[in-house]
Amino acid sequence: MSSVEAVKEALTHVNDPALGFDIVSAGMVEDVTLDDGKATIHIRLTTPACPSRDTIGNNITDVVGAMAGVSSVDVRFTAEVRPRASQSAGAKLPGVRNIIAVAAGKGGVGKSTVTTNLAAALHRHGARVGILDADIYGPSIPQMMGDPDILSATGHGGRITPAVHMGIKVISVGFFLERGNPVIWRGPMIHKLLQQFLDDVDWGELDYLMVDLAPGTGDTQLSLSQLVPITGAVMVTTPQEISIIDVEKAISMWKRVEVPILGVVENMSYYHCTSCGHDEPIFARGGGKQLAEREKVEFFGEIPIVSAIRGGGDSGKPLTFGEPDSAAAQNFMAIAGRVACAVSRRNVPTPGSGVRSSKLAMIR
C-alpha cells in the first residue's frame, strides 16, 4: 500500500517543463493527502500564466495513479508569482514582485504595442499587472490603453495612485500633458521623473510591472537600471537587419548594466492575407529568432502584421482585450506565458546540494 510519504517521493519524478526540473525542488507541492485510496495533491504554480499546467497535472495523475493502493488522483492548482531574487524589505517597490523592461534598439518596432498586449495577456491569465510608461519623449501608453476606469490621483502625503485601465495600473507622463505638447528635457530631468514614478507612486501589490522604455541605449535605460532591480528585459525587434543591428547594441548595453535578457519578440514578422491565406514576409522573417539563437536567449515568438492590432492601439483597447478569441490575441497569450515562465526561471532556485531534500521536508 502507498503512503503519503511515498506519494511525495514519487512527485520528485514529475518535472515542470517550463522550469526544467521537478516540482518538489521548485517548491510547488503545497500539500498531499491520501484518504481511502484517493490522493489529493495541491500544486502552487510559479505563475498563473504557466503553459505547463495541463502537462504537470497529467504527469502527476500518471505517476501517482500507477502507485499501489491509489484508486484516484485529484490535482488542485493555485498560483503565486515568485518575487525577483533581489527583492528585499528595504528595496524600492517592495510590493512589486517583478519589473520587466520592454526594450528596443530603435523606434517604430511596436514596443508599446507589445507592452500593452503582453500586460493585457498577463492580466487575463490572472496576474496583477502594472505599466510604467518610461518613454518620456514619446509616451504612447495613454492612447493605447484608452480612458481610465479610475483616474490617477494624489493622496495623503503626496503619494500618487496610478490610473487603472481595464484592471491594469498605469502611470505615464502623457497623463499630465495636453495632446501635441512636447517634453523638452535634458537627461537629469528624465532621471528625476523616473525616480518620482518609482518612489512617489503607490503601485501596491503587483506580480509584474511592465516598463515601456524609450528606444535606444540612453538616459532612460541607464536611470532605470540604477534606480530599481530589474528582473529582466524583453527585447522587441522587427525582422529586418537594420532593426537587428540596433537590438544587438541594446542587448550589449543591458549586459553591461547587469540586467538579464529574458528573450526576444519579433514583431511585424509577416502579413497574413485573410482573403487568400498567404503569409507575406514584408520585412523579411526570422531575424528575431536568429538573433535569439546568437545571443543564447529564448525566442518568445512572432507577431504578424494584423490591422486589428493597430486598430486596438489607436482606439485605446489592446487587441488582447478587444478581440480575446482572435488568433492574434491567442498569440499574445502564448507569448505572455513564455515571458512569465522566463521570469520564473530567474526567480526559482535551481536544484543544488540539499535542495531536493529540504523541499521534500517542507511538504512533510
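**Note on the predicted model: helices, pockets and a loop proline**

1. In helix α8, which spans residues 287-295, the buried residues are G287, G288, L291 and A292. They sit on the same side of α8, because the arc they cover around the axis is only 135°. The model discussed here is a predicted one. An α-helix has 3.6 residues a turn, so residues three or four places apart point the same way.

2. Just after α8, K296 adopts a positive phi of about 60°.

3. Helix α5 covers residues 187-199, 13 residues in total. From its first C-alpha to its last, α5 reaches 18 Å, close to the 18 Å expected at 1.5 Å a residue. Its buried residues are G187, I190, L193, L194, F197 and L198. These lie on the same side of α5, because they cover an arc of only 135° around the axis.

4. Which residues are exposed on the face of α5 turned away from its buried side? They are P188 and K192. The buried residues of α5, for their part, pack against β7 (129-134), β11 (168-172) and α6 (219-227).

5. The loop between β12 (208-213) and α6 contains P215. This proline is partly exposed, its relative accessible area being 35%. In sequence P215 and G105 are 110 residues apart, yet their C-alpha atoms are 5.5 Å apart in space. Leaving aside residues up to four places away in sequence, P215 touches A104, G105, K106, G107, K111, D135 and Q221.

6. The largest pocket has a volume of about 470 Å³. Its lining consists of 22 residues, and P142, Q143, G174, F175 and L177 lie nearest the centre. The elements giving two or more residues to this lining are α4 (141-145) and β10 (163-165). By class, the lining of the largest pocket comprises 11 nonpolar, 8 polar and 3 charged residues.

7. The second largest pocket holds about 290 Å³ of space. It is lined by 15 residues, with T113, M144, I309, R310 and D314 nearest its centre. Two or more lining residues come from each of α4, β14 (261-272), β16 (298-305) and α9 (307-315). Helix α9 supplies the largest share of this lining, 4 residues. The lining of the second largest pocket divides into 7 nonpolar, 6 polar and 2 charged residues.

8. How many cavities of 30 Å³ or more does the structure hold? There is 1 such cavity, and the volume of the largest cavity is about 30 Å³. The residues lining the largest cavity are T113, T116, N117, M144, I309, G312, G313 and P318. Two or more of these residues come from α3 (111-125), and two or more from α9. The cavity lining has 3 nonpolar and 5 polar residues, with no charged residue.

9. The second largest pocket and the largest cavity may be read side by side. Helix α9 gives two or more residues to the pocket lining and two or more to the cavity lining.

Note on methods:
Residues are numbered from 1 along each chain as its sequence is written. This is a predicted model: local features need pLDDT of at least 70, side-chain atom pairs count only at pLDDT 80 or more; totals for chains, interfaces and linings use all residues. Side-chain values use heavy atoms; hydrogens and water are left out. On a 1 Å grid over the protein atoms alone, a cavity is a set of points where a 1.4 Å probe fits but cannot get out, and a pocket is an open set with protein on both sides within 12 Å along at least five of seven lines; lining residues have an atom within 4 Å of a point. Grid points are joined across faces, edges and corners, and a volume is the space filled by probe spheres set on the points. Ala, Val, Leu, Ile, Met, Phe, Trp, Tyr, Cys and Pro count as nonpolar, Asp, Glu, Lys and Arg as charged, and the others, Gly among them, as polar. The expected span of a helix is 1.5 Å times one less than its number of residues. Buried means under 20% relative accessible area, exposed over 50%, partly exposed in between (1.4 Å probe, protein chains only). The arc is that of the directions from the helix axis to the C-beta atoms. Contact means heavy atoms within 4.5 Å.
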